[in-house]
Amino acid sequence: MMRNRRRTGVRRYLNVMNVAVFLTVLFVLVPLYFMVVSSFKNPNTIGQSLQLWPAQWTVKNYTYVWTASHFGRNILNSLIVSVCSTILVLALGSMAGYALGRLPMRGKLPILMTLLMISVFPVIGVIAPLYVVLRTIGWLNSYQALILPYTAFNLPFAIWILRNYFLGIPREMEETGRIDGASPMRTLVQIIMPQAAPGLFTAAVFCFTACWTEYLMALSFDSNTNMHTIPVAIGSALSTIYTVPYGPYFAASCMAAVPIGILVLVFRKSVVSGLTSGAVKG
Amino acid sequence: MATITLEKVRKVYPNGFEAVHGIDLDVGDGEFMVLVGPSGCGKTTVLRMVAGLEDISDGILKIGDKIVNDLGPKERDIAMVFQNYALYPHMTVGENIGFALKLRKMPKDQIKAKVSEAAHILGLTEWIDRKPGQLSGGQRQRVAMGRAIVREPSVFLMDEPLSNLDAKLRVQMRAEVSRIQRRLDVATLYVTHDQVEAMTMGDRVAVMRSGEIQQVDTPQSLYDRPNNLFVAAFIGSPAMNLYEATLSEGAKVLHLGSQNVELPPSVQASHPKLTSFANQQIVVGLRPEHLPAANGTGGATIEGDVDLVEALGSELLVHFSIDARKVTAEGVEEEEEQLASGGAGVARIDPRASVRPGQRSRFEVDVDRMQFFDPSSGLAIWD
């Protein structure tokens with residue numbers, strides 16, 4: 001008779017799922033780790049060998065990034081564009097999500113499907129016509145040249161997230177508000193939105209990250225050096241004709257990743273909750 | 001202070017489904033009216049129409065002397081307590097209770113005074129700065145009541161506010177809700193599916209079924225003189241035992257399966273119409289407490305096979321079978337019907353009686369408390 005032996009020690013965790021998760025995590029973390037440690041290596045030694053731990057630590061790459069390009073200005077540009085887009089997305093997305101989730105209206109499904117289609121639309125398909133429009137109205141090399149397109153492209157996702165979150169809030173909340181005498185806007189702002197905070201955080205984090213890391217539109221619409229965002233600065237301002245400056249690349253990338261990392265770490269519970277809301281009836 | 005009047009109020013949904021069929025109902029000033037019925041009978045729809053959360057398809061709704069059909073919830077001066085409390089989770093107890101007053105732009109010191117008073121009445125002073133998530137179910141329900149009380153409305157509406165509480169807490173809160181309502185003396189419409197709540201709390205009870213009101217009466221009258229089979233089966237726990245039976249000539253003897261029960265003249269006197277059902281099939285109802293264990297003193301008895309004995313401490317519930325066909329009222333919970341099927345009845349007897357499953361036992365029949373129903377219409381046979 002076969003006996004089921006309980007595995008002990010490390011072997012307890014050796015199953016297909018755990019191995020797959022481990023390999024995936026490794027796949028993501030190893031390049032990140034390499035980027036971080038390499039940003040502290042002597043730029044001349046980076047390409048020579050795969051040192052996982054620098055023999056000598058230096059901040060040369062970081063000082064080069066700050067002095068060779070207007071990195072402080074680039075960070076400011078990215079911040080302005082990302083924050084403004086995020087605020088617009090949250091303001092418009094919450095109202096649209098609420099209307100689509102809660103208010104009686106016709107054509108909800110076609111609207112939602114249209115939003116879904118927009119959200120998967122490739123940016124490269126609209127770059128050219130959008131460039132012509134922005135040039136015509138004189139908005140090239142301006143903040144609004146990025147803020148408005150970023151808002152447009154991130155709005156559908158935010159609406160979906162927020163709509164699903166609003167659907168999970170009991171209707172009695174709004175009904176109580178109505179009975180208490182709250183107007184629809186007051187109900188949304190004072191009663192519904194505070195309860196949808198995790199959904200708002202999720203939408204905010206995703207939108208901010210998308211705007212912070214966007215390259216194509218930023219390169220196309222804000223080509224002036226003063227208006228470069230971080231991704232464009234890394235790709236152009238730091239580059240030279242003869243060499244590939246990995247050290248400064250890694251340093252700039254680390255600095256760019258820090259705000260996103262902090263954002264996600266701080267709001268990670270809200271992000272998970274916001275993504276999974278409505279999945280289970282509770 | 002106000003009354004609630006519904007005149008031929010109907011609710012028809014856009015898909016054509018008629019949830020409420022032209023009901024008439026009056027709730028007096030300060031009266032505690034309970035609307036009871038099985039799930040899906042339309043009681044919550046009625047409540048929501050009174051609240052202004054559902055449109056009224058037809059009929060007239062008055063609060064006091066004012067017709068309020070076209071007024072929103074805010075203009076109707078009502079307060080409502082929901083089944084799941086509907087407390088604002090991001091606000092403290094004090095903020096929840098005072099929110100409506102804040103919307104009315106009442107001065108802060110007045111709001112604070114009213115909130116403190118309401119919290120004191122409900123025993124919530126200690127928790128006034130806590131959030132709903134930190135409270136127990138009973139406390140949350142009291143906060144919901146506090147939110148309603150503080151508005152000093154003309155009318156209270158309550159939608160199964162005790163359903164989410166455990167059994168013991170429900171008993172405590174029943175008394176508390178009744179006490180608060182009596183103190184405030186405001187017309188109250190209370191919806192529940194629990195007939196024990198209905199009977200213990202209401203000044204009057206309206207029994208609903210499939211969008212229609214079956215009977216409106218005091219709890220005791222509903223219990224003693226149900227208008228029809230549905231009310232008879234719905235009110236009372238355990239439910240009334242209902243059997244098919246035949247009446248002899250002159251309605252002097254009731255043939256219950258293979259057993260006969262003699263009906264004294266007092267029965268014919270209290271049910272003059274009964275004689276018109278002589279030699280016909282009727283439905284007879286006996287409440288469990290009107291079937292005590294026979295003690296050999298004479299009087300009408302029936303015999304049954306004991307299937308199960310439930311000892312409750314204060315009494316025994318004896319589940320027995322006789323060979324008469326059991327009748328179940330349409331619309332009473334399906335589960336209750338299944339459990340009660342197969343000719344099984346329930347008797348409530350003294351806890352010291354010696355009754356065991358598998359035995360054949362004799363039960364006295366309190367013939368003067370028997371109920372009789374016309375099997376075709378379901379209506380009670382009185383006069």
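Me: How many residues of chain A are in contact with residues of chain B, and what makes two residues count as being in contact?
Reply: In this predicted model, where local features need pLDDT of at least 70, side-chain atom pairs count only at pLDDT 80 or more, and totals for chains, interfaces and linings use all residues, 13 residues of chain A are in contact with 17 residues of chain B. Residues are numbered from 1 along each chain as its sequence is written, while chains are lettered from A and ligands numbered from 1 in the order in which they are written. Two residues are said to be in contact if their C-beta atoms, placed from the backbone, lie within 7 Å.

Me: Which helix of chain A gives the most to the side that touches chain B, and what makes a stretch a helix?
Reply: Helix 7 of chain A gives the most, with seven residues, and both helix 7 (171–180) and helix 8 (184–195) supply at least two. A helix is a DSSP run of H or I with at least four residues, a strand is a run of E with at least two, and both are numbered from the N terminus. By class, this side of chain A has six nonpolar, three polar and four charged residues, where Ala, Val, Leu, Ile, Met, Phe, Trp, Tyr, Cys and Pro count as nonpolar, Asp, Glu, Lys and Arg as charged, and the others, Gly among them, as polar.

Me: How are the axes of helix 3 and helix 9 of chain A placed relative to each other?
Reply: The axes of helix 3 (residues 71–102) and helix 9 (residues 197–213) of chain A come within 9 Å and cross at roughly 145°. Each axis is a line fitted to C-alpha atoms, for helices over the stretch in contact, and the angle runs from 0 to 180 degrees between N-to-C directions.

Me: Why is B:Asp77 called partly exposed?
Reply: B:Asp77 has 17 C-beta neighbours inside 10 Å, and a residue is buried if 20 or more other C-beta atoms (placed from the backbone) lie within 10 Å of its own, exposed if 12 or fewer, and partly exposed in between, so B:Asp77 falls in the middle class. B:Asp77 is found in the loop between strand 5 (66–67) and strand 6 (78–81) of chain B, and has a positive phi of about 55° although it is not a glycine. Most residues other than glycine have a negative phi, and most peptide bonds are trans.

Me: How is the peptide bond between B:Ser237 and B:Pro238 classed, cis or trans?
Reply: The bond is cis, with omega about 0°, and B:Pro238 is found in the loop between helix 8 and strand 11 (241–247) of chain B.

Me: Into which domains is chain B divided, and how do you know their bounds?
Reply: The bounds come from an automatic or database domain assignment, which gives domain 1 (4–232) and domain 2 (235–373). The C-alpha centres of these two domains of chain B lie 37 Å apart, and 15 residues of domain 1 are in contact with 13 residues of domain 2. On the side of domain 1 that touches domain 2, the largest share, four residues, comes from helix 8 of chain B, and by class this side has 11 nonpolar, three polar and one charged residues.

Me: What makes a set of residues a nonpolar core, and which members of the largest one touch the most others?
Reply: A nonpolar core is a set of buried Ala, Val, Leu, Ile, Met, Phe, Trp, Tyr and Cys residues joined through C-beta atoms within 7 Å. Of the 162 residues in the largest core, A:Ala158, A:Ala203, B:Leu35, B:Leu157 and B:Val284 touch the most other members. Leaving aside neighbours within four places in sequence, B:Val284 is in contact with residues including B:Tyr243, B:Leu254 and B:Phe372.
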